[in-house]
Amino acid sequence: MTHSQANLISAKMDSRCHHRNDVVGRASEGDTPRFADITTMGVGGRIARFVQPQDTRGFIDAVRAADGEGRALCIIGGGSNLLADDGDFPGVVVRDARREIVVEDASIRRREPAEADGPGGAAVCEGIADSAGVVRQTGSDAAGVAVKSQGAKYRDGAQCGRCGKDMVLLSATAGTNWDDFVLYCTQRGFSGVQGLSGIPGTVGASVVQNIGAYGQEVADCVDSVDVWDRLTSREIRLSRGDCEFGYRTSLLKASMYRAPGVPADRFFPTPRFVVLSVRFRLLKASDCTVTSGQLASVLGVGTGDSMPGSAVRAAVIAVRARKGMLEDPYRYDGRWMAGTRRLENIEAAKSQLDRELQDSSESPKLNAGAPHAERARILALKADRHSCGSFFMNPILTEEQARHLPADAPRYPVDVGVSSPLAPGHDASPLRERPEGSSVVKTSAAWLIDHAGFHKGFVLADGSGRAGLSDVHTLALTNRGGASSDDVLRLAQAIKRGVLDSFGVVLVPEPVVLGSTIG
Ligand SMILES: Cc1cc2nc3c(=O)[nH]c(=O)nc-3n(C[C@H](O)[C@H](O)[C@H](O)COP(=O)(O)OP(=O)(O)OC[C@H]3O[C@@H](n4cnc5c(N)ncnc54)[C@H](O)[C@@H]3O)c2cc1C
């Protein structure tokens, strides 16, 4: 097979579906999960209807049906950025069961006219088997979506404008597990997403909040996003610029809120734009740049140095493990999570967690205590993984607001996203963090929380101890075992008020809070 023949590689993720709801577009009434079963926090009430469409048409139909019936709609991915309340949810929860990655060889792009109308412009290509043994023959859009190009042009060819290296275009369906995607890219020598290793959730949700960590954001490597627009009932393609990415926000997320943390009337808890697939533009390079000082020190190199992508990924996972910033891989043993992540990756994550727990229980300090103390410690370690990650966003303050902070409070420069004329009728301004041109700074939510008296391991004085701050990360609110959504909400409220009283800063939650508000 020649290079040009092998230009479409499809990797259907081996999401083995164990449950009868994993049937094309079938809705289930009666036998449905609770949010507690499908979220990383492990809290939340019963869902009235749960649908897991396995093809694009079924996905769109499920969204259209819910919208047409006027039922509340919640698209869920990995449930890692969602805090649902304890009451029953009367609406429809849709989880995209398509888990597919398609690599388009950059050589196709070189031959395309500058005004090419999206991936359908590619010639018929020979599908080849990837390591999972799945063959897909296609010459049309990988996700089978009849996309309309809206500003996604490829005039810049197949080389990176900055470093001159070859680029590769990959598409992944919304339901693809994010870390499966990162691992897939790393194993094939595609670089650009390694700093985002270990973030739970899905490709679809990654662009909603513009996930970021260790000096990288997903926006850095997004080429375009294919969406279903619930307002106009159309499939459209959003270019990277159209997405209005900013710090933990995007045009998609903005459509859910009328002010920071205040849900919009119409499109909540799911955006106006439902992500069908995301197209990424990555470097064809097995090395990648180390983008944060923290990673650089783990790797023993300098910031900006190049390291193999696999080494960067390993360093990120190690740092995340220490901070409880990985999900509990055992959650995929649950009936309602089975099949949503690649099995071999779940097993690898379990082995790593087991080693971590083993190491901690073998430490002399822990063994000095009674056996039940060791066990409690192990459970606590696991519980540190039952969270939504960082619960509050780092506040963006005007210079005037920042002046009132203590002198030693962290202050970082802010890179504010650009706005776009796309999506007529939609006003993203409520989420915009500052008026254009004015000067703002970002401070650290973790610093504010800690200095307001809420330290790692903090639990409310009500004696339950079910919800608390992570023992290893001030920003993570954790379910320490048996917590209800109400427990987590009361903790969040106490912290929010404490920070407001101490520093006059209003913290905004990062997760989507469904059915309640954090007053
Ligand atoms: C341990 C831990 C660590 C984390 N670390 C980080 C981190 O470092 N950086 C970071 O940015 N985030 C982090 N997060 C937060 C979270 O993982 C991300 O926000 C992730 O992208 C959420 O994905 P999800 O599929 O779980 O989304 P969900 O929680 O299922 O949904 C979140 C929102 O996205 C919407 N959504 C989901 N799929 C679609 C779709 N196809 N189309 C439109 N809307 C959709 C939902 O309706 C909802 O509004 C962390 C979370 C945990 C638990």
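Y214 is buried, with a relative accessible area of 13%, where buried means under 20% relative accessible area, exposed over 50% and partly exposed in between, computed with a 1.4 Å probe and protein chains only. Y214 is found in the loop between β11 and β12 (216-217), and Y214 has a positive phi of about 45° although it is not a glycine. Helices (H or I, at least four residues) and strands (E, at least two) are DSSP runs, numbered from the N terminus. The model is predicted, so that local features need pLDDT of at least 70 and side-chain atom pairs count only at pLDDT 80 or more, while totals for chains, interfaces and linings use all residues. Residues are numbered from 1 along each chain as its sequence is written, and side-chain values use heavy atoms, with hydrogens and water left out.

A second residue with a positive phi is E244, a residue other than glycine whose phi is near 50°. E244 lies in the loop between β14 (234-239) and α6 (251-254), and it counts as buried at 11% relative accessibility. The peptide bond from F268 to P269 is cis, with omega near 10°, and P269 is found in the loop between β16 (262-263) and β17. Most residues other than glycine have a negative phi, and most peptide bonds are trans.

**The ligand and its shell**

The ligand is surrounded by 38 residues, the closest being I75, G77, S80, T202 and R320; a residue is near a molecule if one of its heavy atoms lies within 4 Å of it.

| Residue and its atom | Ligand atom | Distance |
|---|---|---|
| G79, backbone N or O | oxygen | 2.9 Å |
| G212, polar backbone atom | nitrogen | 2.8 Å |
| T270, side-chain N or O | oxygen | 2.8 Å |

The protein covers 96% of the 980 Å² of accessible area that the ligand has on its own, accessible areas coming from the Shrake-Rupley method with a 1.4 Å probe, with only the protein chains shown counting as cover for residues. The elements that give two or more residues to the shell around the ligand are α5 (203-206), β11 (212-213) and β17 (273-284). By class, this shell has 20 nonpolar, 15 polar and three charged residues, where Ala, Val, Leu, Ile, Met, Phe, Trp, Tyr, Cys and Pro count as nonpolar, Asp, Glu, Lys and Arg as charged, and the others, Gly among them, as polar. The ligand lies between domain 1 (27-94) and domain 2 (98-287), because both give residues to the shell around it; the domain bounds come from an automatic or database domain assignment.

**Buried positions**

R98 is found in the loop between β6 (89-94) and β7 (100-104). R98 is buried, with a relative accessible area of 7%, and its side chain reaches the backbone oxygen of L276 at 2.6 Å. V103 lies in strand β7 and is buried at a relative accessible area of 4%; V103 and V168, 65 residues apart in sequence, are 7.5 Å apart in space, C-alpha to C-alpha.

L252 has its place in helix α6 and counts as buried at 0% relative accessibility. Leaving aside its neighbours within four places in sequence, L252 is in contact (heavy atoms within 4.5 Å) with V207, V208, V227, L238, C243, P271, F273 and V275. The C-alpha atoms of L252 and Q209, 43 residues apart along the chain, are separated by 7.9 Å.

I495, in helix α14 (residues 485-503), is likewise buried, with a relative accessible area of 0%. Beyond its neighbours within four places in sequence, I495 is in contact with F392, I449, F454, L469, L477 and L507, and its C-alpha atom is separated by 9.9 Å from that of L469, 26 residues apart along the chain.

**The protein overall**

The secondary structure comes to 14 helices and 25 strands, and 56% of the 519 residues count as buried. Among contacts between residues at least 6 apart in sequence, 69% join residues at least 24 apart. The accessible surface of the protein comes to about 20,800 Å², of which 51% belongs to carbon and sulfur atoms.

Notes: Polar contact = N/O pair within 3.5 Å; in protein donor to acceptor, adjacent residues only side chain to side chain.
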